[in-house]
Amino acid sequence: MLALLVLVAPLLGGAVVAAAPRRGGLRWAAVATNGATLALGVTLAVRVLAHGPVTGAGGVLRADALSAFMVVVIGAVALLASWLGIRTVALDLAAGTMTPTRAAAYAILVQGFIATMLLAVLAANLGVLWVAVEATTIVTTFLVGSRRTRGSLEAAWKYLIICSVGIALAFFGTVLFYLAALHAGGHSAQALDWTSLMATARHLDPAVVRLGFALVVLGYGTKVGLAPMHSWLPDAHSQAPTPVSALMSGVLLSVAFYAILRFKAVADLSLGPSFSREVLVVVALLSLAVAASLLIAQRDYKRLLAYSSIEHMGLIALGAAAGTRLAIAAVLLQILGHGLTKTVLFLTSGEIMAAEGTSHIDGVRALLARRPALGGLFGVGLVALLGFPPFSLFSSELLMTRAEFGVGLGWVAVVAVALMVVIFVAVVGHARHMLFGPGETAAVDATPPRWVAAPLVGGLVACALIGVVAWPLSGLLVAAAHVVRP
Amino acid sequence: MTFSSALALAAGAVLVCAVSVLWLTSVRSVIRAVAIQGVALGTVALILGVDQRDPGLIAAASVVLVLKGAVIPALLSRSGGGDSRGRESRPLVNVPASLVAAAALIVVAFVTTRGVGRFVGTSAGSLVPVGVATMLIGFFVLVTRRRPVFQIVGLLMVDNGIALVAFLSTAGVPFLIELGVSLDIFLGVMMLMVLTRRLKVEFGDVDLDELQELRD
């Protein structure tokens, strides 16, 4: 019942907003229901920690600690993104670039997008998980192309084609796991259920599982934005409306990675940890290298944030490659920290773009002097993103690196840290360009309204608090790590 | 005709349709080829379903026959019918080279996935490489053709190849999931057609490699 409620809440919000697209006040309904999703996620986590996994909707839905954690992440990012979405839609309506009809469609699609992500993390069956992830692609394509400019249509086309190919490979991988499970004596209707798959995992044919897992990493990795299948990501993230970019970068990538984690758990029981480690190390280092090389000469700050997402997904894949319980807990903490920070940064970049009229790094100067509020938020967000304490990305990156050394991936960790230094220098260089400099002209309308700044500040404060006092989360993180590494 | 030869014939038809897309140049005949491929795929599922008396599989077969054999091709030819040029302009790889590449891909498919076929252990399972070859040729079409319609066809072929593997190796995923998968694919193709139309409305008749606004 609780799991079903989580799924229905965002749709309810979308329906209310779409029912009266001209009534601006009603747009808060989506924010309220996304807040409810976050609260329900916390409730779910408490329930799961106390009484074990929760099922719902006749066994189609199942929430363990890992699912509950992901619901919390989705709820938090959705709350922030829909809050700022009110402003984006209002600005677009005032400028005449959006009609009330399109605003209604936009609300339904965004809330539907959130619901499909929730279905993905709550699905009891890996086949249903696939259907849900594919559904996120379809829903978001319209959102990416919603501005109907040449660039956004190009991005939407690339996004849909590349991700469809990727997700087709993931389906192939899923079929191979299904085949192995049937041969290990699974009943056809339940063979892809998480619980029965984990129960038979030790008897699965290793050769078939090996091929299946490689395809799953390549396939879902496309949606995660892992190299070599990342090329849709910067285009889609830079062309989508900013709340959608925030949702895609903040959680959609992690939801796809969640799918890889589930399959990794099964594959590790069948093959031992070394095979999944090798596969993940390759894609992780490749992603970090791609991100580093394209961040150096980056000219667009939304694309800069997009490449930084590829970097973080690479770090997460590397943490998962280490694969100890501590490493998995750190990976999940990184998912939460990156989700919050990147959401705030994308939403702030949307404000900067609205104020400055350009997404070029060269076009923005002396932001701290001219627009202290926006510049400050952007600067602090980047500090958090680069992994400075007290923000939680510092602790999670440290924990992941330590875990990598602990399992003999020391040289990999050294290469990763070297690439992170390159990325650090590149991002700081671009940020210096945008933030500092003589601010001769004071901007007229310099500060965003308080209700716009509040969620952005709140997101960063939350990220810092988690970094300082992780204990409210630690029980959930450890329990979730146990799901991946029983 | 015996069960296994009927099955081999239908699976072979899926692969022949994939290869034929490489030398067909008009939009209409390519759409027809992918429609026939859908029918052949549905027939494979139907033969297996009747043989195993599996109502779920027969239902899945009828979904495939209706959706991939009729509905999607019909929608495609409606949106592609207004295509003023009506043919692929300049594929990145010409027809003879494409056919050589297809032959190589078929060999690769057989070498790499014969093991999976042996693992399945049935006569249907031994046909698994046919599905993989179809998938690989679909990828090839996807990366070497420039017209939007051809890319949609390539994607459908990738999908048909994987569906063929699923039917042959596991007698299909459970029906509920099959339904979800079919729905997703249908919606995905619809989306691609909507995007094709928008691209045409906004910019006229474009080749996809003319879309180069976004790059680093």
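These notebook entries record what I looked up in a predicted model with chains A and B.

**Entry 1. Conventions**

I number residues from 1 along each chain as its sequence is written, and chains are lettered from A and ligands numbered from 1 in the order in which they are written. As the model is predicted, local features need pLDDT of at least 70 and side-chain atom pairs count only at pLDDT 80 or more, while totals for chains, interfaces and linings use all residues.

**Entry 2. The contact between the chains**

I began with the contact between the two chains. I found 33 residues of chain B in contact with 34 residues of chain A; contact here requires C-beta atoms, placed from the backbone, to lie within 7 Å. On the chain B side, helix H4 (95-120), helix H6 (148-170) and H7 each supply at least two residues. Helices are DSSP runs of H or I with at least four residues, strands are runs of E with at least two, and both are numbered from the N terminus. Which element gives the most to the side of chain B that touches chain A? H7(B) does, with 13 residues. By class, I noted 21 nonpolar, six polar and six charged residues on that side. Ala, Val, Leu, Ile, Met, Phe, Trp, Tyr, Cys and Pro count as nonpolar, Asp, Glu, Lys and Arg as charged, and the others, Gly among them, as polar.

**Entry 3. H5(A) against H7(B)**

I then followed one pair of helices across the two chains. The axes of helix H5 (residues 126-144) of chain A and helix H7 (residues 175-203) of chain B come within 10 Å and cross at roughly 15°. The axes are lines fitted to C-alpha atoms, for helices over the stretch in contact, and angles run from 0 to 180 degrees between N-to-C directions. H5(A) is therefore roughly parallel to H7(B); angles under 35 degrees count as roughly parallel, over 145 as roughly antiparallel, 65 to 115 as roughly perpendicular and the rest as oblique. The crossing of H5(A) with H7(B) is left-handed, a term for a near helix turned anticlockwise from the far one by less than a right angle, whereas clockwise would be right-handed. From H5(A), the residues that meet H7(B) include Gly127(A), Val131(A) and Ile138(A). On H7(B), their counterparts include Gly180(B), Asp184(B) and Met191(B). I recorded eight nonpolar, four polar and two charged residues in this contact of H5(A) with H7(B).

**Entry 4. Domains of chain A**

The domain assignment of chain A gives domain 1 (1-124), domain 2 (147-271) and domain 3 (278-486), with bounds from an automatic or database assignment. I read 23 Å between the C-alpha centres of domains 2 and 3 of chain A. Between these domains, 28 residues of domain 2 are in contact with 30 residues of domain 3. H10(A) gives the most to the domain 2 side, with 14 residues. That side divides into 16 nonpolar, ten polar and two charged residues.

Most residues other than glycine have a negative phi, and most peptide bonds are trans. I looked for exceptions. The peptide bond from Ala227(A) to Pro228(A) is cis, with omega near 5°, and Pro228(A) is in the loop between H8 and H9 of chain A. The bond from Pro389(A) to Pro390(A) is also cis, with omega near 10°. Pro390(A) lies in the loop between helix H15 (372-385) and helix H16 (392-406) of chain A. Ala366(A) has a positive phi near 50°, and with 18 C-beta neighbours inside 10 Å it counts as partly exposed. Arg53(B) has a positive phi of about 50° and lies in the loop between helix H2 (27-52) and helix H3 (55-81) of chain B. Arg53(B) counts as exposed because 8 C-beta neighbours lie inside 10 Å.

Methods: Buried ≥ 20, exposed ≤ 12 C-beta atoms within 10 Å, placed from the backbone.
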